[in-house]
Amino acid sequence: MPAPGQNLKINPDRLWESLMEMAKIGPGVAGGNNRQTLTNADAEGRALFQKWCEAAGCTMGLDQMGNMFAARPGSDPDALPVYVGSHLDTQPTGGKYDGVLGVLGGLEIIRTLNDLGVKTKHPIVVTNFTNEEGTRYAPAMLSSGVFAGIHTQDWAYGRVDAEGKTFGDELSRIGWRGQEEVGARKMHAFFELHIEQGPILEAEGKEIGVVTHGQGLSWTEITITGRDSHTGSTPMPMRKNAGLGMARVLEKVDEIASSHKPHAVGAAGHIDVYPNSRNVIPGRVVFTVDFRSPDLSVIEDMEARLRIEAQKIADDMGLEIAFQKVGGFDPVTFDAGCVAAVRGAAERLGYSHMDLISGAGHDACWINRVAPTAMVMCPCVDGLSHNEAEEISKEWAMAGTDVLLHAVVETAEIIG
């Protein structure tokens, strides 16, 4: 299929204005966004996105998980659509670009093709997946997971937030529960543009990340039980300090992940200490170890070593320990053809680029199971994300969306 000409470029000012306009909905307290899934702010952001899509001549589809599908028709009614998109929901202290760039970059593709009168054989569909972040309703990538058959819809509807409100009820409350069967759509291909959420591209001076793989993830929740006692009057040899046990386990976590460098990582981000009082030795701690690697055998090795080493630490200290795997997914290898389309677009447009392994989970990781998929990444300042200070430049946004445009249009096949 012929590649698009080098003069096919997006309107960077229009894209940037759209990003800034969407950022007005669900503003954070420090310049970012708090547009958590299934909140009133989420509903308002969805309505603005739909308004823009319909103004661009698209028809909007909505499935029973609230996933939005804005379709631009192709010349062949029997050709499967090329999908492009990401998510509009944010972290409680999220940035203006995480996910949103991928959705509005997809919209900018439609607007650009309309401006230039370009027609494609395959329809192009811009997608907003519900609850990618997983902050209010765990797990992350919930609705793309239902779409790909990873989770059942009933299970997803039953997810509960911190206030006891279910996903299904809140989806109905904000008015974005559709009638379309989830996962019924068939895709010719799927492309997702995203900020890197890491420092590699900026450090290497590259404008484009060609994402070849996604890291697998393993979450193991560990509970260590000792004995609460007074910090001042309990002799050191008589203590059963669960907090100290956790500290020694976390040293092992770092050691285990470092043994598989450079691509494996490990840490504990969620930690609860009981009773969490200044003058009480912790009697119980609960923490979740997050291991990631693009190699499944490495993840399995890290999981096994964690259990062996942590059990030994607990036994030596006279502590009780329990393990529960509470989340995870296998590493992802993205479609070679779609990856080649991204790489070829970057080369054709003259953007500096490098192959990249995504360290975070994305909707593309689940969609890859049901359709040929690839990702495009652009840098973000200092690699900072999931933070209101998250920042990118207009030039980075333009480069990423230009590459996305070319990869999508090449795959959708230009007519004439």
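How many bridges join strand β6 to β16, and in which sense do the two strands run? Six bridges join β6 (residues 189-195) to β16, and the strands run parallel. Strands here are DSSP runs of E of at least two residues, helices are runs of H or I of at least four residues, and both are numbered from the N terminus. Two strands count as paired if DSSP finds at least two bridges between them.

The model is predicted: local features need pLDDT of at least 70, side-chain atom pairs count only at pLDDT 80 or more, and totals for chains, interfaces and linings use all residues. Residues are numbered from 1 along each chain as its sequence is written, and side-chain values use heavy atoms, with hydrogens and water left out.

**The chain as a whole**

The chain holds 12 helices and 17 strands. Its radius of gyration is 23 Å, close to the 22 Å that the globule rule gives for 416 residues, so the chain is as compact as a globular protein of that length. This radius is taken over C-alpha atoms, and the rule is 2.2 Å times the number of residues to the power 0.38. Along the principal axes, the C-alpha atoms fill a box of roughly 80 × 45 × 40 Å. Of the 416 residues, 53% are buried. Buried means under 20% relative accessible area, exposed means over 50%, and partly exposed lies in between (1.4 Å probe, protein chains only).

**Strand β16**

Strand β16 covers residues 373-378, and six of its six residues are buried. T373, M375 and M377 point one way from the strand, while A374, V376 and C378 point the other way. The bridge partner of L193 in β16 is V376, and G209 stands opposite M377.

**A four-stranded sheet**

An open sheet has the strand order β10-β12-β8-β13, with antiparallel pairing. Its edge strands, β10 (265-274) and β13 (320-329), each pair on one side only. Neighbouring strands of this sheet are turned by 15 degrees against each other on average, direction ignored. Nine bridges join β8 (residues 216-225) to β13, and T220 has K325 in β13 as its bridge partner. Contact means heavy atoms within 4.5 Å. Axes are lines fitted to C-alpha atoms, for helices over the stretch in contact, and angles run from 0 to 180 degrees between N-to-C directions.

| Helix | Strands touched | Angle between directions |
|---|---|---|
| α8 (residues 242-258) | β8, β10 and β12 | about 5 degrees with β12 |
| α9 (residues 296-317) | β8, β10, β12 and β13 | about 165 degrees with β13 |

**Cores and helix α12**

A nonpolar core is a set of buried Ala, Val, Leu, Ile, Met, Phe, Trp, Tyr and Cys residues joined through side-chain atoms within 4.5 Å. The largest has 97 residues, and those with the most contacts inside it include F191 and V403. Helix α12 (residues 394-412) gives the largest share of this core, 10 residues. Leaving aside neighbours within four places in sequence, V403 is in contact with residues including I208, V342 and V376. A second, separate core of 22 residues includes A264, L306, I313 and A314.

H406 is found in helix α12. This residue is buried, with a relative accessible area of 0%. Apart from neighbours within four places in sequence, H406 is in contact with P4, G5, Q6, L8, A345, R348 and L349.
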